[in-house]
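Colleague: I am new to this structure and would like to go through it with you step by step. Could you take my questions in turn?

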Amino acid sequence: MLDSWSANGTVAKIKYIHGRMFTKENYHEMLMRRTVPEAADYLAHSARYKDAFRDVDPNTVHRGFVEELLQRENFNTYMRLCRFQELDKLPFYDFLIKSKEIECILSMINNINSGLDNSYLNDLPGYVIKHSKVSLLEMSRAGSFEQLLKILRNTPYYKILVKIPPLEDGSADYTECELRLRTAYYTELLNTAKHDFSEMQSKQLSEMIGREIDCLNIINAYRMKAFFGYSAEEIKKRQIRIKTASGSAKRLDKYYELESPEDMLEWVKRSKYSKGGKQSSEYIESIVRSSQFAYLSHILAQSTAAPVSLYAFMKLCSTEVLNIVHIIETIRYNADPSAVEKDLIITTA
C-alpha cells in the first residue's frame with residue numbers, strides 16, 4: 001500500500017501535463033483552420049501534442065490517423081506516469097490497459113455480429129498489444145462468438161462472457177456483453193483500489209468511479225427511453241449496478257421510472273449531474289459530460305494522491321481527444337464552427 005505522499009512526484013508531473021492541455025482558446029483557434037492538414041499542423045505546433053506529431057507530415061494525415069496519434073500519445077503518457085515511480089507494480093494502475101482490452105473485445109463482437117471481415121484489425125490500437133495479456137491479434141481470427149470465447153479461455157474475460165449464450169447465427173447479444181464486461185471491470189477496479197490504497201484514497205476513488213458509472217447509466221437510460229421506448233424495468237436490467245462510496249446501486253431508480261425523455265432531461269438539470277456543466281443545452285450528453293469534466297477538473301486540482309490524480313487525468317485526456325476529433329470532423333465536412341464550439345466539453349467557469 002502506498003500512502004498519499006509516496007508518489008507526490010507523479011502527482012506533480014500529472015499537474016504539469018494538465019497545465020498544457022487544450023483551453024477554450026486553443027479549441028477556438030483550431031476551429032478557424034480550413035483543412036484537416038492545417039488542423040494537424042496546429043496540433044504539431046502545440047505544447048500538448050508536438051511530440052506526437054514530431055515525425056509526421058501534416059499534409060499527409062487524415063482524420064483517423066490524427067485520432068490514432070492522439071490516443072497513442074495519451075496512452076504512452078499514461079504508461080510513462082505509471083513507470084515513473086513504479087506505480088505499475090500495483091494492479092489498480094492497469095486500469096487503462098484493461099479498459100482498452102474491453103474496447104477491443106467489444107469491437108470484435110461487433111465485427112462478428114456485423115459480418116465485417118477487416119474492421120477489427122483496422123481499428124486495433126497497436127500501441128496496446130505489447131502491454132496486454134490478451135491475444136488481441138489472435139482475436140481477429142474468430143469468425144463466431146464461440147470461437148472468440150475459445151481464444152479468451154485463459155483470460156478473466158472468458159468467465160464473464162461464457163455465461164452469455166451464442167445466437168443461432170454465431171453472434172452474441174452485444175448489449176449484454178458490454179454490460180457484463182463493464183460491470184466486472186468497475187467491480188475489479190473498486191476492489192483493487194480498496195486493497196492497494198489507504199481508506200481515504202479508496203473512498204475518493206470509489207466516489208469518483210461511482211459518479212462515472214452514474215453518468216454512463218443516466219445517458220444510456222435516456223437513450224433507451226427516447227429511442228426505443230423501454231420501460232423502467234427494461235432500463236434497470238441494462239444498467240451497471242454496483243454499490244460505491246457515492247451511494248446505493250439503486251440511487252437512480254426514480255430517474256429510470258420517469259415517464260418521458262423530457263422528464264429525464266429536466267431531472268438531470270436539477271441534479272448534481274448538471275453542476276458546472278452546460279445546463280442550457282437540450283442534449284443530455286452535453287449536460288452530463290460537461291458537468292463530469294468540471295467535476296474531474298476540480299478533483300485533479302485538489303488531489304495529492306497519485307491514483308486519484310492519474311485516474312481523473314486520463315478521463316480528462318479522453319475528453320480532450322473527443323473534442324479535437326469533433327473539430328477535425330467539423331473542418332472535414334465544412335460544418336458551422338460556432339455551432340460545434342458550443343458542443344465542446346469544457347469547463348463553463
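Colleague: In which loop is the place of Q239, and is Q239 buried or exposed?

Modeller: In this predicted model, Q239 sits in the loop that runs between α12 (232–237) and α13 (253–256). Its relative accessible area is 4%, and since buried means under 20%, the word for Q239 is buried.

Colleague: Which backbone oxygen does the side chain of Q239 reach?

Modeller: Leaving out residues up to four places away in sequence, Q239 touches L179, N217, N220, A221, M224 and Y256. The side chain of Q239 also comes to 3.2 Å from a backbone oxygen, and that oxygen belongs to I235.

Colleague: How do helix α5 and helix α10 run relative to each other, roughly parallel or roughly antiparallel?

Modeller: Helix α5 (residues 95–114) packs with helix α10 (residues 174–196) at an angle of about 170°, their axes being 10 Å apart. Because angles over 145 degrees count as roughly antiparallel, α5 is, relative to α10, roughly antiparallel.

Colleague: How many nonpolar residues are in the contact of α5 with α10?

Modeller: The contact includes F95, I102 and L106 of α5, and Y174, L181 and L189 of α10. Sorted by class, it has 3 polar and 4 charged residues, while the nonpolar residues number 10.

Colleague: Which element gives the most to the largest nonpolar core?

Modeller: That core has 72 residues, of which Y78, F95, M139 and L161 touch the most other members. The element that gives the most to this core, with 10 residues, is α5.

How values were computed:
Residues are numbered from 1 along each chain as its sequence is written. This is a predicted model: local features need pLDDT of at least 70, side-chain atom pairs count only at pLDDT 80 or more; totals for chains, interfaces and linings use all residues. Side-chain values use heavy atoms; hydrogens and water are left out. Axes are lines fitted to C-alpha atoms, for helices over the stretch in contact, and angles run from 0 to 180 degrees between N-to-C directions. Helices (H or I, at least four residues) and strands (E, at least two) are DSSP runs, numbered from the N terminus. Angles under 35 degrees count as roughly parallel, over 145 as roughly antiparallel, 65 to 115 as roughly perpendicular and the rest as oblique. Contact means heavy atoms within 4.5 Å. Ala, Val, Leu, Ile, Met, Phe, Trp, Tyr, Cys and Pro count as nonpolar, Asp, Glu, Lys and Arg as charged, and the others, Gly among them, as polar. Buried means under 20% relative accessible area, exposed over 50%, partly exposed in between (1.4 Å probe, protein chains only). A polar contact is a pair of N or O atoms within 3.5 Å; within protein, one must be able to donate a hydrogen and the other to accept it, and residues adjacent in sequence count only if both atoms are side-chain atoms. A nonpolar core is a set of buried Ala, Val, Leu, Ile, Met, Phe, Trp, Tyr and Cys residues joined through side-chain atoms within 4.5 Å.
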